[in-house]
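Please keep the model in view while reading.

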Amino acid sequence: MEKIYLDNNATTKVDPLVMKKMLPFFVEKYGNPNSLHGFGTETHPAMGEALNSLYEGLNASDDSDIIVNSCGTESNNTVLKGIYFDIIHKGVKNHIITSQIEHPAIRHTCEFLESLGADVTYLPVNDDGIVTADILKEHIRKDQTALVSIMWANNETGLINPVKELAAVAHDNGALFHTDAVQAVGKVKVDVQDANVDFLTFSAHKFHGPKGVGGLYIKEGLNLTPLFHGGEQMGKKRAGTVNVAFMVGMGYALDLAVKALDFENQEVRRLRDKLEDAIMKIDDTIVIGKRSLRTPNTILVSFKGIEGEAFLWDLNWNGIAASTGSACSSEDLEADATFQAMHVDTDLSHTGVRFSLSRFTTEEEIDKAIEVIGKTVDRLRSISSTY
Ligand code: PLP
């Protein structure tokens with residue numbers, strides 16, 4: 001049976017072109033880039049090229065910093081803990097604003113900072129599932145809020161927040177602005193200068209690069225206490241030997257992802273809409289969030305009367321990989337918050353299932369998925385006729 005992968009918000013396959021670009025850096029050009037000999041220095045041109053691709057892909061200015069690190073989680077920790085060390089711990093300000101729909105890499109780090117004495121506000125979303133500038137205005141404290149951290153696009157729903165407006169509100173009130181753009185990069189245009197963000201998190205494995213490498217953009221003139229101390233890599237901003245192959249892979253993956261943005265927003269969107277239209281024809285089904293407000297590849301759907309894990313198990317049995325954004329699972333609070341904020345009926349019979357496509361998803365796969373999803377819903381509803 002052919003397997004169909006519709007879980008691209010969890011991770012994506014490495015583009016074979018990216019893989020090819022990375023290969024020489026495992027067994028041929030394996031030197032430590034910090035070494036002075038030829039093995040070390042021969043890695044420099046490819047690293048420079050990768051860094052250029054990252055700057056160009058995000059439209060970062062030459063004077064800004066892009067730190068290559070291990071993942072999106074590390075970038076988020078670096079920003080939040082850096083703000084703690086640089087501002088909160090020094091008694092300058094004590095308030096951080098984030099939202100109720102953030103990824104655990106933000107939410108749990110904020111909870112940790114609360115345990116150290118930071119005051120954290122978790123913003124709700126509006127009826128559309130969006131963190132608006134007006135919601136932020138209601139909670140920001142002029143010259144007291146140190147940092148506002150709001151994700152660019154939500155991992156469960158794909159809903160896109162108005163990052164440029166949010167950053168403007170933060171700046172008007174003397175706060176710095178960070179966005180976790182892990183689910184936005186490669187799906188929508190991400191321009192750090194246009195959005196005027198101070199810090200931005202991204203992660204290669206969400207845009208057909210390798211797992212275990214990510215990045216943090218830091219606007220020119222800003223500094224963060226590093227999370228790691230040790231070597232002098234990344235301009236002393238992130239100690240630890242750089243994973244050259246992965247850095248090269250991430251740079252090239254971003255290059256390809258930016259070039260594929262039109263395809264993503266036309267062809268991937270067309271396939272996503274086709275799948276969504278078919279799903280919406282199933283009785284008692286709700287898709288979370290307006291299409292126009294979402295990334296082009298994501299659907300979070302709730303089938304009344306069907307328990308999410310049973311559904312996924314059945315889908316998996318039939319060769320389709322998706323994931324749950326359960327309205328009643330403690331592991332998925334960000335979806336839960338969205339469900340609640342959007343007044344979705346969250347009784348135990350409602351569970352969110354996320355389908356996420358990529359530029360490698362084919363029309364045949366979507367046609368097959370439509371057939372299997374319909375049959376699965378019918379089968380599970382006929383077993384449990386209580387809904
Ligand atoms: N932020 C968001 C919105 C994510 O979706 C993820 C991964 O699912 C992360 C952060 C964590 O990224 P990484 O897996 O690179 O640590």
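## Salt bridges

A salt bridge is here a side-chain nitrogen of Lys or Arg within 4 Å of a carboxyl oxygen of Asp or Glu. By this rule, the count in the model, which is a predicted one, comes to 24 salt bridges. In one of them the side chains of aspartate 128 and lysine 290 meet, at 3.1 Å from N to O. This pair links distant parts of the chain, 162 residues apart: aspartate 128 sits in the loop between strand S4 (119–123) and helix H7 (133–139), while lysine 290 sits in the loop between strand S9 (285–287) and strand S10 (298–303).

The protein chain is divided into domain 1, made of residues 4–12 + 261–384, and domain 2, made of residues 16–258. To the contact between them, domain 1 brings 33 residues and domain 2 brings 35 residues. The C-alpha centres of domain 1 and domain 2 are 28 Å apart.

The size of an interface is often given as the accessible area lost when the parts come together. For domain 1 and domain 2 the area buried between them is about 2,800 Å², with 52% of it on carbon and sulfur atoms. Across this interface of domain 1 and domain 2, the rule finds 1 salt bridge.

## Pockets

Rolling a probe the size of a water molecule over the atoms shows where empty space is left. The largest pocket has a volume of about 290 Å³, and because domain 1 (4–12 + 261–384) and domain 2 (16–258) both give residues to its lining, the largest pocket lies between them. Its lining holds 21 residues, of which His103, Asn155, Val182, Gln183 and Lys206 lie nearest the centre of the pocket. Helix H5 (residues 72–88) gives the most to this lining, with 3 residues, and by class the lining of the largest pocket divides into 6 nonpolar, 9 polar and 6 charged residues.

The second largest pocket holds about 160 Å³ of space. Its lining is formed by Trp152, Ile160, Asn161, Pro162, Val163, Val188, Lys189, Asp191, Asp194 and Ala195, and divides by class into 6 nonpolar, 1 polar and 3 charged residues.

## Cavities

The structure also holds 3 cavities of 30 Å³ or more. The largest cavity has a volume of about 100 Å³, and it lies between domain 1 (4–12 + 261–384) and domain 2 (16–258), because both domains give residues to its lining. Of the 16 residues that line the largest cavity, Gly186, Lys187, Lys206, His208 and Glu264 lie nearest its centre. The lining of the largest cavity comprises 6 nonpolar, 6 polar and 4 charged residues.

By class, the lining of the second largest cavity has 4 nonpolar, 2 polar and 3 charged residues.

Terms used: Residues numbered from 1 in each chain as written. Predicted model: local features only at pLDDT ≥ 70, side-chain atom pairs only at ≥ 80, totals over all residues. Heavy atoms only, no water. 1 Å grid on protein atoms, 1.4 Å probe; cavity = no way out; pocket = protein on both sides within 12 Å on 5 of 7 lines; lining within 4 Å. Points joined across faces, edges and corners; volume = space filled by probe spheres on them. Helix = DSSP H or I, 4+ residues; strand = E, 2+ residues; numbered from the N terminus. Nonpolar A, V, L, I, M, F, W, Y, C, P; charged D, E, K, R; others polar. Domains from an automatic or database assignment. Contact = heavy atoms within 4.5 Å. Buried area = accessible area lost by both parts, 1.4 Å probe.
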